[in-house]
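Here is a quick tour of one protein model, written for someone who likes cut-offs spelled out. Have a look at the sequence and the coordinates first, then read on.

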Amino acid sequence: MTKRWKSILASWRLPLPGCCVVCHAWSTQSLCTNCLQSFAQPRLRCACCGLPRVAGVMLCGRCLCSPPAFHATWAAVDYVFPWAHLIGRFKFGQALELSSTWVDLMLRAGPPPGTAPRLVVPVPLSRERLRQRGYNQAWELARRLAPRLSWPANPELLIKQRHTPEQAGLPLAQRRVNVRGAFALNASQRGHVEGRHVVVVDDVMTTGATANELAQLLTQAGAASVAVWVLGRTPVSAAVG
């Protein structure tokens, strides 16, 4: 094959232009450089709950006074414009083509290099919700994140044993009641938890009620630690409403 034809074939492998999912400008990436710089810059976050923090401290006042059952949170973006609308489309509108974009964002804010392998599990949906939606958005993220780190993933470890109303719109105290006792460990999978470091994946963390309930369940089953990995983290002002 001549050098000319090699050059032509190589040019065909260049990324083709598409549209940025935020501003719809032409881009070879799903998120253009301008939108990454404007809306997805890394933030200083509480190492435990993922809420924004000030420089010089690792934990926010809430986690110092009342630590949650999980030990760490990795959050890619704040659940605000422009992400809230797009995550809503992904969660409720079957916009699964956004999955790879979300995974790239989550990896930017994920575990530091050299973190020991962990078991990745999605927040489960009830049978009714899964039948209604057709897919579990948390598993769509988890099953793409885990291979990128060569970590194992298990979609069957956690079960949503009781159908509950959507957490969105419920005040903090009611959210805790809403998910209390709603989850369980798959009896056939209990041996996979003891001594393991577990990462629970979800699309959004608002008050942390769901994550806390799952972390308590996993810790009681013998998990060495539980971290939470989410795409969006709702700011305090919106979380308490």
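## Starting from I87

In which helix does I87 lie? I87 is part of helix α4, where helices (H or I, at least four residues) and strands (E, at least two) are DSSP runs numbered from the N terminus. A word on the ground rules: this is a predicted model, where local features need pLDDT of at least 70, side-chain atom pairs count only at pLDDT 80 or more, and totals for chains, interfaces and linings use all residues. Residues are numbered from 1 along each chain as its sequence is written, and side-chain values use heavy atoms, with hydrogens and water left out.

I87 has a relative accessible area of 1%, so it is buried (buried is under 20% relative accessible area, exposed over 50%, partly exposed in between, with a 1.4 Å probe and protein chains only). Leaving aside neighbours within four places in sequence, I87 is in contact with Y79, W102, D203, V204, L231 and G232; contact here means heavy atoms within 4.5 Å. I87 and V204 are 117 residues apart along the chain, yet their C-alpha atoms are separated by 8.4 Å.

## The whole chain

Zooming out, the protein chain has 10 helices and eight strands. It runs to 241 residues, of which 46% count as buried. If you take contacts between residues at least 6 apart in sequence, 72% of them join residues at least 24 apart.

## How α4 meets α5

Helices α4 and α5 pack at an angle of about 130°, with their axes 11 Å apart. The axes are lines fitted to C-alpha atoms, for helices over the stretch in contact, and angles run from 0 to 180 degrees between N-to-C directions. That angle makes α4 and α5 oblique to each other, given that under 35 degrees counts as roughly parallel, over 145 as roughly antiparallel, 65 to 115 as roughly perpendicular and the rest as oblique. On the α4 side, W83, L86, I87 and F90 meet S99, W102 and L105 from α5.

What is buried in α5? The list is S99, T101, W102, V103, L105 and M106. The cover over those residues includes α2, β3, α4, α7 (137-149), β7 (197-205) and β8. The loop between α4 and α5 holds Q94, whose phi is near 60°, a positive value in a residue other than glycine. Q94 counts as exposed, at 54% relative accessibility.

## Aromatic pairs

Rings of Phe, Tyr and Trp (its six-membered ring) pair if their centres lie within 6.5 Å; planes under 30 degrees apart are stacked, over 60 edge-to-face and the rest tilted. By this rule the count comes to three aromatic pairs. One of them has the rings of F39 and F81 with centres 5.8 Å apart and planes at 85°, so it is edge-to-face. This pair links distant parts of the chain, 42 residues apart: F39 is in helix α2 (residues 33-39), and F81 is in the loop between β3 (72-78) and α4 (83-92). F39 counts as partly exposed at 32% relative accessibility, while F81 counts as exposed at 66%.

W83 and W102 also form an edge-to-face aromatic pair, at 6.0 Å centre to centre and 80° between the planes. W83 lies in helix α4 and W102 in helix α5 (residues 99-108), so the pair ties together parts that are 19 residues apart in sequence. Both W83 and W102 are buried.

## Backbone and cysteines

Back in the loop between β3 and α4, where P82 has its place, the peptide bond from F81 to P82 is cis, with omega near 0°. H24 sits in the loop between β1 (18-19) and β2 (26-27); its phi is near 65°, a positive value in a residue other than glycine.

C20 counts as buried at 0% relative accessibility. C23 is in no disulfide either, and the nearest cysteine sulfur to it, that of C32, is 3.7 Å away. C23 counts as partly exposed at 39% relative accessibility.

Terms used: Disulfide = S-S within 2.5 Å.
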